[in-house]
Amino acid sequence: MASGKGQSIYAGISEESTIEELCERVLQYHMSLKDKKYEKVIAEYDSMTEEAKNEIRKMHHDAISRANKENETPVETKAQTKVLSSSDNVEMKKTSTPTSINIEIISGPHKGTAFNVKPKSRYPCFIGRSTGKKFRERGVSLPDDSEVSTTHAKLELKRGKFYFVDTGSTNGSLREGQPIEAGDPVLLEDGLTVQVGGSEMRITLVY
C-alpha cells in the first residue's frame, strides 16, 4: 500500500476486499472531502455574516449620532440668527438710508393722529395749518391747531438723512422742549419729539 494520500483513500481495504467495498470506501472518502469543503464554506459565511453585522451596528450608531447633532443644531442656529438679526438691524439703521417718516401726534388738538411722509431731495413735505393738497396728501395738515402757522415747517431729505426745518413760523418750534431757530435744519432720529404750535410730534424713521 502507498503512503500518504493513498492510505486515506484505501484505509481498511485489503486484497480480500470486494469491488463493492472498494467503491464504497472511495465514495465515503469523497463525501468526507465534500463535508470538509462545506464546513469551510459555512465558516467563511459565518465570518462574513459577523463582519456584516458589525458594519451594520457601526452604521446604525453613526446614523443616530448624526440625527442627534442635527436635532441640536437648529436650536443653536435659531439663537445665533436671532442675535445676529438684532445686531444687523441696529447696524442697518446706522448705515442705511431711511425711506419715510412716521409722525405720531402725542399732544394737542390732533392727538392720536398719525402721518407717514416721504420727503424727496427736491420735494420737501410741509407741516402747517393749511388744508391744501400738498399738506393733505404729502405733508402734515393740522387745521384744528390755531397756534400752528399756515406753513409752519418742512421736512427735507439731504444726503440720505431727514431734517426738520422751521420756515419762520409765528409761534416757533421746539426740539425736545428747546427752541429751534428758523431755517436751522434739525436732524431727525427715532424717538425724537418736535413741537409745532400746540401739537407735539413723535418721530419714527422707516427703513
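I started with the rings and found that the structure holds one aromatic pair (centres of Phe, Tyr or six-membered Trp rings within 6.5 Å; planes under 30 degrees apart are stacked, over 60 edge-to-face, the rest tilted). Phe126 and Phe135 have ring centres 6.2 Å apart and planes at 45 degrees, so I logged the pair as tilted.

Note on provenance: this is a predicted model, where local features need pLDDT of at least 70 and side-chain atom pairs count only at 80 or more, while totals for chains, interfaces and linings use all residues. Numbering runs from 1 along each chain as its sequence is written, and side-chain values use heavy atoms, without hydrogens and water.

Next, the neighbours. Phe135 is buried at 3% relative accessible area (buried is under 20%, exposed over 50%, partly exposed in between, with a 1.4 Å probe and protein chains only). Lys134 lies over the face of Phe126, 4.2 Å from the ring centre (the cut-offs: NZ of Lys or CZ of Arg within 6 Å of the centre and within 35 degrees of the ring normal).

Then I traced the sheet: five strands, open, mixed pairing, order E4-E3-E5-E6-E9. Strands are DSSP E runs of at least two residues, numbered from the N terminus, and two of them pair given at least two bridges. The edges are E4 (140–141) and E9 (186–187). E6 (161–166) runs antiparallel to E9, joined by two bridges; I found Phe164 partnered with Val186 in E9.

Last, confidence: mean pLDDT (per-residue predictor confidence, 0 to 100) is 82, with 76% of residues at 70 or more. I flagged residues 75–81, under 50 throughout, with zero contacts beyond four places in sequence (contact: heavy atoms within 4.5 Å). Residues 1–7 also stay under 50, and there the model has four such contacts.

Definitions and conventions:
Helices (H or I, at least four residues) and strands (E, at least two) are DSSP runs, numbered from the N terminus.
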